[in-house]
Amino acid sequence: MTDVWDEAVKLLRIGYAFTKSDFKTIVAPVIGYALVSSPTIYYSQLPALTTWVWIFLLQFCAANQVSSFNEDALNKPYRPIPAGLISVKSAQALRWILSIVCLWASWYLKVFYPGVSLSISFVVYNEMGFDSFWYTKNILNAIGIVSWNIGASKIASQNASFTLDDRIWLAPYISILLIASTIHVQDFRDIDGDRIQGRLTLPVLIPSLSRYLTFALLVLWSIELVLFWKSPLIIIIGFVFLGIYVGGRIVIQRSKFEDTVSLRYYMVRVLSSLAVATN
């Protein structure tokens, strides 16, 4: 019995090490999106919702970190492969086992299509190497996050007889454009590792200019969204201020730590874009 418990603790430790960097940038924002967007929230669904979001994140991280363990050994030694918690071969096996588990969980929770969308985007992003170019990386990130959000929203509402499109049918498509044009915010913190891996992200290609471009895009999107959704004045002021603040700190605060903090603020801003759409 002790051996079983030790193995369970080890697996949880490995899973946490794979995903610890993304709890504040993926898990929390996606769950927040689900709670904001669902017309009826069943809090009894929170364990299933959290598990679904996390196992897909674990699948993605396992796939992604298998190909970047040399980079991680330099910049992120706490990750499970450079830390010696799991071998590359075992991580590869875990990645494909999780792909089956995630699809089964999606079918069981009646969010199969978002699950399929996530699974395909993971393969294209990682195994097919489309994360090496900023434009394909941004588009795939946008598809992945929107798929996560829609699946989470449906789980939170117990698949009530609605679709997200019934309420705000343009929101998912606008979200894809919004995220695809600005998600490179996540690449500022990884610029050194991306150079090592040969990835052509915007921060690698145009390090300083990309920060000013991001500021302009965040402010323009903020203004466009509140005007499009015809939001109340208080929401207009708050949302535009948030866009200016996030964009401003990206331009001014340029350390790796501050770029990580900026990414968290950015994910809050992505979540708040839904609040603008639903008010």
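Leaving aside its neighbours within four places in sequence, which residues is Ser119 in contact with? The tour of this predicted model begins there.

**First selection: Ser119.** Select Ser119 together with Phe56, Gln59 and Leu103, the residues with which Ser119 is in contact once neighbours within four places in sequence are set aside. Ser119 belongs to helix H6, which covers residues 112-125. Ser119 counts as buried because its relative accessibility is 10%, and the cut-off for buried is under 20%.

**Next: the annotated segments.** Select residues 96-125, 168-188, 200-221 and 227-247, which an unreviewed UniProt entry records as "transmembrane region". Over residues 96-125 the chain is 90% helix and 0% strand, with the end C-alpha atoms 15 Å apart. Over residues 200-221 the chain is 86% helix and 0% strand, and there the end C-alpha atoms are 24 Å apart.

**Then: the two domains.** Colour residues 1-162 as domain 1 and residues 164-278 as domain 2. The centres of domain 1 and domain 2, taken over C-alpha atoms, are separated by 22 Å. Domain 1 gives 30 residues to the contact and domain 2 gives 32 residues. Between them the domains bury about 2,900 Å², with 63% of this on carbon and sulfur atoms.

**Last: the interface.** Three salt bridges are found across the interface of domain 1 and domain 2, and six residue pairs there are in polar contact. On the side of domain 1 that touches domain 2, select helix H2 (23-37), helix H4 (69-75) and helix H7 (134-156), the elements that each give two or more residues. H7 supplies the largest share of that side, ten residues. Finally, show the side chains of Arg189 and Asp22, which form a salt bridge at 3.8 Å, N to O.

Conventions. Residues numbered from 1 in each chain as written. Predicted model: local features only at pLDDT ≥ 70, side-chain atom pairs only at ≥ 80, totals over all residues. Heavy atoms only, no water. UniProt positions renumbered as here; feature names shortened; annotations may be inferred. Helix = DSSP H or I, 4+ residues; strand = E, 2+ residues; numbered from the N terminus. Buried < 20%, exposed > 50% of the residue type's maximum accessible area, 1.4 Å probe, protein only. Contact = heavy atoms within 4.5 Å. Domains from an automatic or database assignment. Buried area = accessible area lost by both parts, 1.4 Å probe. Salt bridge = Lys/Arg side-chain N within 4 Å of Asp/Glu carboxyl O. Polar contact = N/O pair within 3.5 Å; in protein donor to acceptor, adjacent residues only side chain to side chain.
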